[in-house]
Amino acid sequence: MADKDQNNEQSAADQQSPAQPMFAIEKLYMRDMSLEVPSGAEVFLQQQAPEVGVQFKTAFTQLGADAFEGILQVTVTAKAENKVYFLIEVQQAGIFRVAGIPEEALRGFLGSAIPNVLFPYAREAVSDASTRAGFPPVLLQPVNFDAMAQAADAQAANEVEAPATVQ
């Protein structure tokens, strides 16, 4: 009998307490991938090592009440003397379930959590693409997506707070 009372009290407490934060991966997939070697075989005869530049973009869209699609786009460009050796673009994506995160914290959470999950898959795709193109593997260094999300939130807050002035 005491067990029933404890179970009823626990059920009542569960119903009154706010939902626990939840983040789950539903599906991971390659949304888009391209590899270009615009100069063809000519680049393999070059003696100068190219400079490699890397750019990241993140995006997420809401698919349902608690479902989001997240995309991490990685663009790698290798060039020397204005000659592009190769260009790799990867859009690694996933579908995620998110619940129990306050609305005001959701954007920052998604901007950090989603790219942190997707990055290892994108890094592998970039490395594989560069070696398949005949170049040494491109090994992407770890990225602090938490700091990037915080900086994006701070910039968005400044844009909202600062009135636009036209001269």
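What follows goes from the sheet to a helix and then to a pocket.

Keep in mind that this is a predicted model. Start with the sheet: four strands make it up, and it is an open one, running E1-E4-E3-E2 with antiparallel pairing. At the edges sit E1 (22-36) and E2, each of which pairs on one side only. On average, neighbouring strands here are turned by 15° against each other, ignoring direction.

Now look at one of those pairings. E1 lines up with E4 (residues 83-99) in the antiparallel sense, and 13 bridges join the two.

Next, follow H2. This helix has 30 residues and spans 43 Å from its first C-alpha to its last, close to the 44 Å expected at 1.5 Å a residue. Still, H2 has a bend of about 40° at Phe119, with a proline, Pro120, following within four residues. Just past the end of H2, Gly134 adopts a positive phi of about 95°.

Finally, where does the largest pocket draw its lining from? Strand E2 (51-62), helix H2 (103-132) and helix H3 (145-161) are the elements that each give two or more residues to it. The largest pocket holds about 260 Å³ of space. Its lining counts 13 residues, and Thr58, Gly111, Met148, Ala149 and Ala152 are the ones nearest the centre.

Technical notes:
Residues are numbered from 1 along each chain as its sequence is written. This is a predicted model: local features need pLDDT of at least 70, side-chain atom pairs count only at pLDDT 80 or more; totals for chains, interfaces and linings use all residues. Side-chain values use heavy atoms; hydrogens and water are left out. On a 1 Å grid over the protein atoms alone, a cavity is a set of points where a 1.4 Å probe fits but cannot get out, and a pocket is an open set with protein on both sides within 12 Å along at least five of seven lines; lining residues have an atom within 4 Å of a point. Grid points are joined across faces, edges and corners, and a volume is the space filled by probe spheres set on the points. The expected span of a helix is 1.5 Å times one less than its number of residues. The bend at a residue is the angle between axes fitted to the seven residues ending there and the seven starting there. Two strands pair if DSSP finds at least two bridges between them. Axes are lines fitted to C-alpha atoms, for helices over the stretch in contact, and angles run from 0 to 180 degrees between N-to-C directions.
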